[in-house]
Amino acid sequence: METLEESTQPLRVNRTRKGIHAKAPPSPHADPSDPSLYFNRELSHLQFNIRVLEQALDASHPLLDRLMFLLIFSSNLDEFFEIRVAGLKRQLALGHDEGGVDGLGPARVLNAISRISHEQVERQYRVLNDTLVPALEEYRIRFRRRAQWTPDQAAWVAEYFAAEIAPVISPIGLDPSHPFPRLVNKSLNFIVELDGVDAFGRDGGMAILPAPRSLPRLIRLPDWLSDEGFTDYVFLSSMIHAHAHEVFPGMEVEGCYQFRLTRNADLSVDPEEVSDLASALRGELLARRYGSGVRLEVADNCPDHLIDFLRRQFELGEEDLYRVNGPVNLTRMMAVLGDVDRPEMRYRRFFPGLPKSLRGEVDMFSVIASGDLLLHHPFQSFAPVEELVRQAARDSDVMAIKQTLYRTGADSALVGALVEAARAGKEVTVVIELRARFDEADNLALASRLQEAGAIVIYGVMAYKTHAKLIHIVRREGGTLRHYAHLGTGNYHAKTAKLYTDYSLMTANETLCEDVHRVFQQLSGMGKPRKINTLLHAPFTLHERLVAMIDRETKLAEEGKKARLIIKCNAITEPKLIRALYRASQAGVRCDLIIRGMCCLRPGVPGISDNIHVRSIIGRFLEHTRVYYFHNAGDHEVWCSSADAMERNMFHRIETCFPLLDRKIAQQVRKDLDTYLLDNCQSWVLDADGLYHLQESGDAEPISAQETLLYAYASQA
């Protein structure tokens with residue numbers, strides 16, 4: 001009988017010469033629905049985070065960017081516990097321990113997560129302390145521990161503590177009249193052991209010292225306090241630790257140890273019980289800060305009796321405890337990346353390119369009317385998308401603008417243009433998804449700003465998140481109405497457009513624009529879905545058509561014709577799509593999957609998925625494009641989409657998938673896909689046994705897809 005250890009072993013991660021290792025699973029049966037043919041979603045998600053951590057060890061990346069990868073791992077792990085681990089714990093609390101398509105129930109998955117996460121967190125701090133910190137010091141960037149402070153530095157810290165920290169810090173003694181406080185999610189806190197008698201005659205015991213959230217976690221020392229040429233930083237935690245005795249005058253501080261609690265941060269809004277989504281979310285946002293605990297991080301020198309005390313307070317087990325050798329809030333070290341101006345320690349700067357038709361001052365409507373335009377961000381600029389809406393806002397012939405907003409940023413130029421258009425009297429309709437995770441507060445503020453300007457703001461469909469990326473513009477031209485549209489694979493966020501790879505299609509194609517118009521009508525109105533002619537539309541036609549197009553390749557292969565498909569997306573977890581790919585592979589279809597994150601499909605299994613090849617590209621930019629390519633007996637089809645191949649995208653979100661009707665544009669995207677498939681520098685290949693290994697160039701010419709595209713589309717500084 002298969003043991004628990006064996007069943008989770010394919011997702012156990014260890015550093016080997018080849019990369020991330022996993023023991024080979026038992027040979028699967030020939031049944032495509034067999035659980036052994038599917039990786040667990042949560043564990044696959046965790047593996048992606050580990051591939052990010054691997055980048056911190058890759059000397060081909062500049063040093064500060066290696067630090068960035070390590071901090072991104074920390075941030076990703078925070079969200080992983082806040083959402084995914086919290087969800088698994090909630091299932092157990094409700095008495096649900098059934099296995100999913102992979103056969104693993106929540107209890108078994110949580111056990112595997114705990115084991116893997118403990119290994120990787122310990123490794124993360126080892127990489128930071130033993131590799132990155134010494135390397136940064138060689139570049140004269142130092143993080144000064146208390147024992148390393150010079151007398152002058154210690155004096156400056158004392159003054160800083162007295163002036164900036166002491167006035168806003170609030171110690172909380174623990175006794176019957178001062179119960180254990182409710183601590184904010186992921187906040188930095190200290191548990192303090194005290195000896196002595198206070199002013200009220202109370203014997204010393206324990207206290208909690210929350211670090212002020214308004215203060216930076218990393219403080220740069222003045223240059224005159226550092227050795228010549230050095231940039232020195234001190235952690236806020238070190239400052240508080242050094243001066244904790246001043247917070248408890250007359251008491252002896254016998255121990256002061258930092259800790260951080262991660263809470264369940266998933267919002268829970270019941271569509272059947274909500275009459276006002278915005279009001280309900282405002283209440284949930286406050287609750288998020290105080291959800292149930294899911295992880296406790298403590299300094300590794302904290303005594304066991306204090307750790308046990310904290311675990312009891314938060315109702316957490318030993319498996320939820322993480323002892324760390326360094327700051328418990330590593331993500332706050334991101335401040336260094338913005339503070340240090342050392343170009344030689346970062347990726348070389350580049351200027352996003354522009355198609356020739358968009359260079360200089362151009363009339364966006366004339367350019368788009370002459371033919372479809374496709375932009376590949378961040379290699380090409382996001383500015384034309386902003387310029388399109390800006391010109392629409394100021395064009396007297398434009399009558400209406402409609403746009404979806406999922407994540408856009410508080411200072412978005414697009415929102416500014418929409419506000420300007422609404423104030424100018426144009427019909428402006430904005431579909432804002434209030435439930436975009438961790439952007440809910442920003443989106444509530446954006447909604448208020450747009451409503452005050454006179455725009456119509458819609459919160460989408462209650463039971464479905466609006467994840468589609470669409471703009472629809474109606475313009476009067478020569479006595480008739482002309483329609484323009486933008487469709488994208490990514491968010492309308494200028495900052496992430498410089499970091500994420502995405503496609504933007506701008507078109508005046510009548511059929512596509514009419515379909516976009518109908519999607520907006522459906523979002524703002526009620527009734528049966530109207531026929532959409534060209535777009536694929538979730539939750540209605542997208543899943544069914546994707547399965548049908550995969551099955552079409554299968555049929556062509558069975559008829560002896562050439563068949564091929566390429567899918568590039570962030571994740572593939574939906575069982576019916578996976579089974580369709582297994583059928584295609586069994587028929588001889590070459591299936592290349594470029595999946596950045598979660599992949600529940602097991603490639604290379606004899607007789608099942610021999611013809612499926614999976615790779616994950618991890619590099620300078622976050623791969624975010626969603627592309628579906630089908631050979632279709634030589635009548636090639638290329639589709640771009642806002643949707644990943646996941647259950648939530650197919651059935652629980654409003655998504656669109658749009659064809660590239662211009663053959664030249666479709667060929668360019670196919671060429672981009674081929675570039676990714678040739679990558680032998682940043683490509684992690686997934687084997688049947690769950691092993692991700694970094695593809696090595698060997699004697700071949702090294703090819704980095706992202707660098708190739710950067711040089712093809714953009715200019716270097």
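Two strands pair if DSSP finds at least two bridges between them. Keep that in mind for the close-ups below, which show a predicted model.

**View 1. The whole chain, before zooming in.** Here's the predicted protein chain in outline: 20 helices and 30 strands. It has 717 residues, and 56% of them count as buried. Take the contacts between residues at least 6 apart in sequence, and 74% of these join residues at least 24 apart.

**View 2. Strand E28 and its two partners.** E28 covers residues 683–686. With strand E29 (residues 692–694), E28 pairs in the antiparallel sense over three bridges. Tryptophan 684 sits opposite leucine 694 of E29. The two strands make a hairpin with five residues between them, and in the turn you'll find glycine 690 with a positive phi of about 90°. E28 also pairs with strand E23 (residues 612–617), again in the antiparallel sense, this time over four bridges. In that pairing, valine 685 of E28 is the bridge partner of arginine 615. Now look at the side chains: in a regular strand they alternate between the two faces of the sheet. In E28, Ser683 and Val685 point one way while Trp684 and Leu686 point the other. Buried or exposed, these four side chains of E28? All are buried.

**View 3. Helices H3 and H4 side by side.** H3 takes in residues 63–93 and H4 residues 106–138; they pack at an angle of about 160°, with their axes 11 Å apart.

View 4. Look for leucine 261, which stands opposite leucine 296 in E9.

**View 5. A three-stranded sheet.** The strand order in this open sheet is E2-E7-E6, and the pairing is mixed. E2 (141–143) and E6 (218–220) are the edge strands, each pairing on one side only. Ignoring direction, neighbouring strands of this sheet are turned by 25° against each other on average. E6 and E7 (residues 231–235) pair in the antiparallel sense over three bridges.

**View 6. Helices H12 and H13 in contact.** H12 (residues 383–394) packs against H13 (residues 413–423) at an angle of about 10°, their axes 8 Å apart. H12 and H13 are therefore roughly parallel to each other. Which residues meet here, from H12 and from H13? H12 brings Val385, Glu386, Val389, Arg390, Ala393 and Arg394, and H13 brings Ala413, Leu414, Ala417, Leu418, Glu420 and Ala421. Sort the residues of this contact by type and you get eight nonpolar, no polar and four charged.

Conventions:
Residues are numbered from 1 along each chain as its sequence is written. This is a predicted model: local features need pLDDT of at least 70, side-chain atom pairs count only at pLDDT 80 or more; totals for chains, interfaces and linings use all residues. Side-chain values use heavy atoms; hydrogens and water are left out. Axes are lines fitted to C-alpha atoms, for helices over the stretch in contact, and angles run from 0 to 180 degrees between N-to-C directions. Buried means under 20% relative accessible area, exposed over 50%, partly exposed in between (1.4 Å probe, protein chains only). Contact means heavy atoms within 4.5 Å. Angles under 35 degrees count as roughly parallel, over 145 as roughly antiparallel, 65 to 115 as roughly perpendicular and the rest as oblique. Ala, Val, Leu, Ile, Met, Phe, Trp, Tyr, Cys and Pro count as nonpolar, Asp, Glu, Lys and Arg as charged, and the others, Gly among them, as polar.
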